[in-house]
Amino acid sequence: MTDEPVLAVRDLVVEYRTAAGPVRAVRGASFDLYEGESLALVGESGCGKTTLGLALLRLLPRLGSTPHGEVRYRRADGSTVDLLAMRKEELRRFRWHEAAMVFQGAMNALNPVLRVQDQMYDTIRAHRSMSASDARRRCHEVLDMVRLEPRRVMPSYPHELSGGMRQRVLIAMALLLSPRVLVLDEPTTALDILTQRSIVDVLQELRRELGFAMVFVTHDLALAAELADRVATMYAGRIVELGDARDVFAGPRHPYTAGLIRAVPPVVGDATEISSIPGGPPSLAALPPGCPFSVRCGLSAEIGDDGPAEVCVQADPELARVGTRHESACHYSDRVEFAREVITDGV
Amino acid sequence: MASDPLMSLESVSQIFGSRRGEIPAVRDVSLDLTAGKVLCLVGESGSGKTTTARIAAGLDRPTSGTVRFGGQDVWGGDRGAFREFRRSVQYVHQDPYASLNPIRTVFATLAGPMRRHKLVANRDEAWQKAAELLERVDLTPADTFLTKYPHQLSGGQRQRVAVARALTLGPKLIIADESTSMLDVSIRISLLAMLTRLSADLGVGFLFITHDLALAKYFGRDGDIAVMYLGRIVEHGPTRGVISSPRHPYTRALLAAIPEPDPELNARKRSAGSLLRSMDTPSLLRLPTGCTFHPRCPSWVAGECDVTVPTLDAVTADHQVACPPVLRQERAEPPVTVLAEQDGTA
C-alpha cells in the first residue's frame, strides 16, 4: 500500500433537479480510498449513500448533477485526474478499465434478453480489441474467480440463474478488464443468508488475490463489519463518522452510528440492549436547522433541557478528528457512550 | 405448553404441477400454533416457508394433509367454520409498498373490512375504531394518519398500517411474511417490539416467516423455531435451544453464515472455515435422493444420507431434528451441558 489514495473525494456535492427546485442529496462528502482498501458507506434509506456511490463513477441519473467538488483518481503510473472534469470519451475509457460498478444483481442490472456470454463479450469489445478466443478465455477466467461454472452460465439468460449467481456474474463482469477500483451497490441485499455468505467470501478472496480497492454501499451494518476495512456513516447527505471498522464498531463516536449498531440483534449470545432510533430520516428538501440528527438524537436531548442541546440546533458540526484515522461530526463526540454488551457462552 | 393449539397443520404437503414435472414445495409439514405465542419459520428462498404460510392462512388448500383450526378441519366443507377461520387468521405481506391500495386513505383501508363484516354501525364508529387501531400500532396522532394515502407514509409507517388492517377483525393469529425485510435496521426493531407488545396485550399468536435467524431469535425469544429446507422441516424446537445449540448441520451453517456488527467476532467465526460442501441449492424439480441436504452437508454418511429420507425425531423433550447421524451421536454421548457451539463442525 502506498501513501497516496487511489481515489480522493473532496467536498463532493450532488444535486437532483426536482419540480420544487434542486435538492442536495450529498452535501459535501470528503474521503480517501487507498489501494486495496475496502470502504463501507452505511446509513438508512435516503441518506445519500447510493447517490454518493454513483457519483464516484459519474453514473448519476439524468436529473442528478455535481455542482461542486472533486473526485481525484490516481492512475497506476502515478498521474492523477479529476473524474468530474473528464470528457465523455475519456470517461467511457475510464469506466470498466480503471473502475467498475457492480449494481444490485437481484434487481435488473443484467439485460434480460441477452445471454450472459453476449453481455460479457459486449463489455470486452467496447473497450479492447481482443480475438474471440481470447475474449472467451477471459470470460472463463473471471467466472472461475467468482466460482461459477463458465460452461453452464455463459449460454444462460439472466432469468435462468438464481439471485446469487446473477450477483456473481455482475462481479465477474466488473472484473473483466481488471479495474483498480470497484464500487458495489448493496452487494448482498435481497439474497439468502448462505448466498450472502458466498458473495462475501468471493469478494474477500478476490480482494486478496487481485488487490483492487472497493467502496460498497449497504444498510447492513453486520456486512460492513464483515467486509470493510473502514466505515463511513452517512446521514442526511453527509458523512457523519469515518474510521477503521474495528474502531467504529468497538467505539462509535457519533450517536447515529451508535444507534445503528445497537439496532442489530446479535445471533451469538444475548445483547443486553437492542433499541431502535426514534423517528425517521429528515427530508433532504427541508432539513432541520443545525445538526440534522439533533431531532432524533438521544444524547443531544439528554444534554439539552427540553429538546436538543442548544449548540446542536445552532450549528451543523463538521467532521473532526477524534482519534487516529477516526473522525466524527458531533458536537459531543466525546460524550457518546457505547457498550454493546453481548453475553456469549462458549464462543 | 399444554394449552391446546389454536391451529394445527398435520402432515401438510403442497405439490405444484408444472410443465417440467411436479414441484414438491412443501412436504409432510406438521406445526402447532398457539394463542399468544410466536412460531418462527426460518428458511431460504425455495424452502417452502411462504407456501406453508399461505396454507396456514387458508389462502391455498394443501394437496394433502389436514389444517385444523379450533380442532375443526377447515377444508372439511363447513362454510361457517371456514369463514370463522379466515377471519381469525390474518396475513401481513412482505412489501408494504404493494400491499396497500394506493388510492385509498388509511381510514378507507381500515374501515373496509370492519364494514364488510358489520363490526361497526356507522362512519363515526368506524373512525373511532380505526383511530384505536392506529394507536395500537404506534401511529399517533391517529387522526392525522387516517386521512393520509400510502404514498404519504414511509415504509415503516405503511407496514404499521398493514398490521393495523390485519387487526381490524380481531384475529387470533397473525401470519407475518418477511414483514420487516424491506425496512431499515433502525425501524425494523421498533416494529418487532410493537408486534411483541400486541402478542402480549391481545393474546394474538404469530407465525413469523423470515430468513434471518437473528430476527427470529429477537422476535421469537419465548416461542419456537422451525427450520425448513427444500420443503421439509429439518429442525424444530424452542428458539433459545435451537439457536444456542443447533443440531441439524443446515441450521448450524445458517447460524455460522450470519455476520455480526462486530469485526472481531466475525473474524473468529470465519476462522472456523466453511461449513458447506456446496453453495448451490438443488432445484425442487430434481431433488437429491435421501436427505435433500446431503450434497451440501459437511458430515454426511455415504450409503445412509443419500438413501434414507430422514424424519423428525426428538433430541430432547421439545427439540426435534431430522438427521439420523446427529441423533445417533447425541444418544451415544449426550452433551453434559448445553453450550453454544455454532463454531463446531459436528
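This is a predicted model: local features need pLDDT of at least 70, side-chain atom pairs count only at pLDDT 80 or more; totals for chains, interfaces and linings use all residues.

User: How many helices and strands in chain B?

Analyst: Twelve helices and twelve strands, counted as DSSP runs numbered from the N terminus (helices H or I, at least four residues; strands E, at least two).

User: And how compact is chain B?

Analyst: As compact as a globular protein of its length, because its radius of gyration is 21 Å, close to the 20 Å from the globule rule for 346 residues. That radius is over C-alpha atoms, and the rule is 2.2 Å times the number of residues to the power 0.38. The C-alpha trace of chain B spans about 70 × 50 × 45 Å along its principal axes.

User: What's the strand order in the four-stranded open sheet of chain B?

Analyst: S2-S1-S4-S5, with antiparallel pairing; strands pair if DSSP finds at least two bridges between them. S2 (21-33) and S5 (72-73) are the edge strands, each pairing on one side only.

User: How many bridges join S4 to S5 there?

Analyst: Two, and S4(B) (residues 64-69) runs antiparallel to S5(B). B:Arg68 has B:Asp73 in S5(B) as its bridge partner.

User: Switching topic: how many residues does each chain give to the contact?

Analyst: Chain A gives 34 and chain B gives 35, where contact needs C-beta atoms, placed from the backbone, within 7 Å. On the chain A side, H8(A) has the largest share, five residues.

User: How do the axes of H7(A) and H10(B) cross?

Analyst: The axes of H7 (193-210) of chain A and H10 (249-257) of chain B come within 9 Å and cross at roughly 50°. Axes are lines fitted to C-alpha atoms, for helices over the stretch in contact, with angles from 0 to 180 degrees between N-to-C directions. H7(A) and H10(B) are therefore oblique to each other: under 35 degrees is roughly parallel, over 145 roughly antiparallel, 65 to 115 roughly perpendicular, and the rest oblique.

User: Which residues meet there?

Analyst: A:Ile193, A:Leu194 and A:Arg197 meet B:Ala253, B:Leu254 and B:Ala257.

How values were computed:
Residues are numbered from 1 along each chain as its sequence is written. Chains are lettered from A and ligands numbered from 1 in the order in which they are written. Two residues are in contact if their C-beta atoms, placed from the backbone, lie within 7 Å.
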